[in-house]
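Please keep the sequence and the model in view while going through the numbered points.

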Amino acid sequence: MLENIFRVMERETFCKDTAAKIVGGVKKLEDLIAAGEIDAEKGCNAQNSKWKCNAAQVLRHCRNMRNK
């Protein structure tokens, strides 16, 4: 079942803020992008253009959200 969710989400993208919340912070997201674990691209070369992060890859690296 989980693999089906990842396949569906391959075609979707998250913005940088949403992706950072899921993985556990902006620094961790940037490290994952630099390591090639998450594909990310900017819409265009404009300074304020939105980032598009692959949703399936972001979900594969999500932080533990369970209550302690």
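1. Strand S2 and strand S3 (residues 51–54) run antiparallel and are joined by three bridges. Within this pairing, Glu41 has Lys52 in S3 as its bridge partner. Two strands are said to pair if DSSP finds at least two bridges between them. Strands (E, at least two residues) and helices (H or I, at least four) are DSSP runs, numbered from the N terminus.

2. Before going further, please note that this is a predicted model, in which local features need pLDDT of at least 70, side-chain atom pairs count only at pLDDT 80 or more, and totals for chains, interfaces and linings use all residues. Residues are numbered from 1 along each chain as its sequence is written, and side-chain values use heavy atoms, with hydrogens and water left out.

3. The pairing of S2 and S3 belongs to an open sheet of three strands, which has the order S1-S3-S2 and antiparallel pairing. Strand S1 (13–14) and strand S2 (40–42) are the edge strands, each of which pairs on one side only.

4. The whole chain may now be considered. The protein chain contains four helices and three strands, and these follow the pattern α-β-α-α-β-β-α when read along the sequence. The C-alpha trace spans about 40 × 25 × 20 Å along its principal axes. The protein chain has 68 residues, of which 24% count as buried; buried means under 20% relative accessible area, exposed means over 50%, and partly exposed lies in between (1.4 Å probe, protein chains only).

5. Contact means heavy atoms within 4.5 Å. Among the contacts in the protein chain with a separation of 6 or more, 53% are between residues 24 or more positions apart. The accessible surface of the protein chain is about 5300 Å², and carbon and sulfur atoms account for 49% of this surface. Such areas come from the Shrake-Rupley method with a 1.4 Å probe; for residues, only the protein chains shown count as cover.

6. Which residues make up the largest nonpolar core? This core has 12 residues in all: Met9, Phe14, Ala19, Ala20, Val23, Leu29, Leu32, Ile38, Cys53, Ala55, Ala56 and Val58. Helix H2 (16–23), helix H3 (26–34) and helix H4 (55–60) each supply at least two residues of this core. A nonpolar core is a set of buried Ala, Val, Leu, Ile, Met, Phe, Trp, Tyr and Cys residues joined through side-chain atoms within 4.5 Å.

7. Cys53 is one of the core residues. Residues up to four places away in sequence aside, Cys53 touches Glu12, Thr13, Phe14, Ala19, Ile38, Asp39, Ala40 and Val58. Gln57, found in helix H4, is also buried, with a relative accessible area of 16%. Beyond its neighbours within four places in sequence, Gln57 is in contact with Glu37, Ile38 and Asp39.

8. How many disulfides are there? A disulfide is a pair of cysteine sulfur atoms within 2.5 Å, and by this rule the count comes to zero. The sulfur of Cys44 is too far for a bond because the closest cysteine sulfur, in Cys53, is 15 Å away. Cys62 is in no disulfide either, the nearest cysteine sulfur being that of Cys53, 15 Å away. Cys44 is partly exposed, with a relative accessible area of 44%, and Cys62 is partly exposed with a value of 44%.

9. Side chains of opposite charge can pair when their charged atoms come close. The structure holds three salt bridges, a salt bridge being a side-chain nitrogen of Lys or Arg within 4 Å of a carboxyl oxygen of Asp or Glu. In one of them, the side chains of Arg60 and Glu3 meet at 3.5 Å, N to O. This pair links distant parts of the chain, with Arg60 in helix H4 and Glu3 in helix H1 (residues 2–9), 57 residues apart. Arg60 is partly exposed at 43% relative accessibility, as is Glu3 at 38%.

10. Glu30 forms a salt bridge with Lys16, and their closest N and O atoms are 3.3 Å apart. Because Glu30 lies in helix H3 and Lys16 in helix H2, the pair ties together parts that are 14 residues apart in sequence. A further salt bridge joins the side chains of Lys27 and Asp31 (3.4 Å, N to O). Lys27 and Asp31 are separated by about one helical turn because they are four residues apart in helix H3. Lys27 is exposed, with a relative accessible area of 58%, whereas Asp31 is partly exposed at 39%.
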